[in-house]
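Here's a quick briefing on the structure below.

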Amino acid sequence: MPNRRGSILLVDDEEKILKALGRALREAGHEVVETTRARTAQRLLAERTFDLFIVDNMMPEMTGLELIREYVSASPDDSSTRASRGAGQAGSSDDRAQILMMTAHATVESAIEAMKLGALDYLQKPFEIDELLVVVRRALDHQRLRTEYRYLVNERDERFDHYGIVGRSRAIEDVVRRAELVADTKSTVLITGETGTGKELVARAIHNRSAQRDMPLIKVNCAAIPDTLLESELFGHVRGAFTGATTTKKGKFALADGGTIFLDEIGTLTPTLQSKLLRVLQEREFEPLGSERTERVDLRVTAATNRDLRQMVADGRFQEDLFYRLNVIPIHIPPLRERRDDIPALVEHFVAKHAQRTGRRVERIEDGVLAALEQYDWPGNVRELENTIERAVVLSAGPVITARAISTLGAVTQQATGLPSLKLRQNIEWVERETIRRALESAGGVKKDAAELMGISQRALSYYLAKYRID
């Protein structure tokens, strides 16, 4: 496992001890901020984030226990606040440092009280430097595990569908082969492909096969976060950086340090954020919003898009330098209509998956259904196919998936070619309604994906949904 570097706030009113401990921690590769005053420590904890907070108990202004109690009350554990916190809300408690208390023998009771408040461990003075380094390493490993757990829970809550890289076509074999090769490096990867082809799964496969697999994989959907919040989400912010920023928050780049950051929908970035991202790719450093302090990171950047970035560069909508920085290792995932021979394997995989999830018994698919599925163009690609199979499993009355269960979803029915009348306006409205209906169906009800399938913005889709009163 890679060595865990960490940012540490060290507080002790005895300057000689403070300097000795700080020097040892720096020699071990950690970033250390020292102070002899509890009030200064309070200010530092409010202004920025640390991975670890080491504090002596007996100090003149206030005790270490009092300082810990105040810090913990100002930043409660994320498990107690997750349900009430919005995704982009400032003042997140997710970034609370691990806490270690240093104490003399006479105050062991205070150290135990600190652990009840949430401190991970305590060190009884006098102690050896090696003992300190061991406890610090364990605390930083605990902090990393807590970060990874939080993101696993978030992804579970988002109900991400982990469909597998399934297929026997040469195109998919090429994708898997290239992913395996790039996993052995830390090169930047750009994954391209239409909506629903499985770009995120390839990004996960690369990370999970890499030497950094034990470090975080942090996902950012650039299209899902408002432009006004995206810079803060990516780079973090300090307290007071903007209205509502009541505490300091780490950004996704800092959270991904040592691992991988996956930037999905990279083509939606504004020019300002494109410039900031270019600097991170070039220098591996950035400043959190409102801060003058530069942070350095060591990570892999993997990006994905369903847009034609080369054309966007030609149109002046995407920075050329950024494109070449991202496009070090390109991986293109072809649409399902260009690899129809993968459809039987995908159908078998999804039938088994959703039969197990729903508790249904599925023995086979009715004759002719598979051939019909192979003839369909699947504009929503693998995601649309999975949605179709999942609903067919649920809607089938018996152990055989019938053409009726599939045709209910429109996948194998003949597309209507007749118009409802000879009146132009009525026909136009019918075409608009039918296009929206089919796009939503193909996208499994996900409006962002439906808008992309139709080649319009989400705002335009919202207008048409309201116009035709489509839920």
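On a 1 Å grid over the protein atoms alone, a cavity is a set of points where a 1.4 Å probe fits but cannot get out, while a pocket is an open set with protein on both sides within 12 Å along at least five of seven lines; lining residues have an atom within 4 Å of a point. Volumes are the space filled by probe spheres set on the grid points, which are joined across faces, edges and corners.

One thing to keep in mind is that this is a predicted model, with local features needing pLDDT of at least 70 and side-chain atom pairs counting only at pLDDT 80 or more, whereas totals for chains, interfaces and linings use all residues. Residues are numbered from 1 along each chain as its sequence is written, and side-chain values use heavy atoms, with hydrogens and water left out.

**Cavities**
- The structure holds five cavities of 30 Å³ or more.

- The volume of the second largest pocket is about 610 Å³.
- It has 24 lining residues, and T268, R307, E452, S457 and Q458 sit closest to the centre.
- Two elements, α19 (447-454) and α20 (458-467), each give two or more residues to this lining; helices (H or I, at least four residues) and strands (E, at least two) are DSSP runs, numbered from the N terminus.
- The biggest share comes from α19, with four residues.
- By type, the pocket lining has eight nonpolar, eight polar and eight charged residues.

**Sheet with β1 to β5**
- Five strands make an open, parallel sheet in the order β2-β1-β3-β4-β5, where strands pair if DSSP finds at least two bridges between them.
- At the edges are β2 and β5 (121-124), each pairing on one side only.
- From one strand to the next, the twist averages 20° (axes are lines fitted to C-alpha atoms, for helices over the stretch in contact, and angles run from 0 to 180 degrees between N-to-C directions).
- Four bridges pair β4 (residues 98-103) with β5 in the parallel sense, and M102 stands opposite L123 in β5.
- Helix α3 (residues 64-74) packs on this sheet, touching β3 and β4, and its direction makes about 150° with that of β3; contact means heavy atoms within 4.5 Å.

**Sheet with β6 to β8, β11 and β12**
- Another five strands form an open sheet with parallel pairing, ordered β7-β8-β11-β6-β12.
- Its edge strands, β7 (217-221) and β12 (329-332), have a single partner each, so one side of each is left without a neighbour in the sheet.
- The twist here averages 15° from one strand to the next.
- Strands β8 (residues 260-264) and β11 (residues 300-305) run parallel, joined by four bridges, with I261 opposite V301 in β11.
- Helix α7 (residues 170-183) lies across β6 (189-192), β11 and β12, at about 155° to β12.

**Salt bridges**
- The whole structure has 35 salt bridges (a side-chain nitrogen of Lys or Arg within 4 Å of a carboxyl oxygen of Asp or Glu).
- One of them joins the side chains of E31 and R48, at 3.3 Å, N to O.
- This pair links distant parts of the chain, 17 residues apart: E31 is in β2 (residues 31-35), and R48 is in the loop between α2 (38-47) and β3 (52-56).

Technical notes:
Ala, Val, Leu, Ile, Met, Phe, Trp, Tyr, Cys and Pro count as nonpolar, Asp, Glu, Lys and Arg as charged, and the others, Gly among them, as polar.
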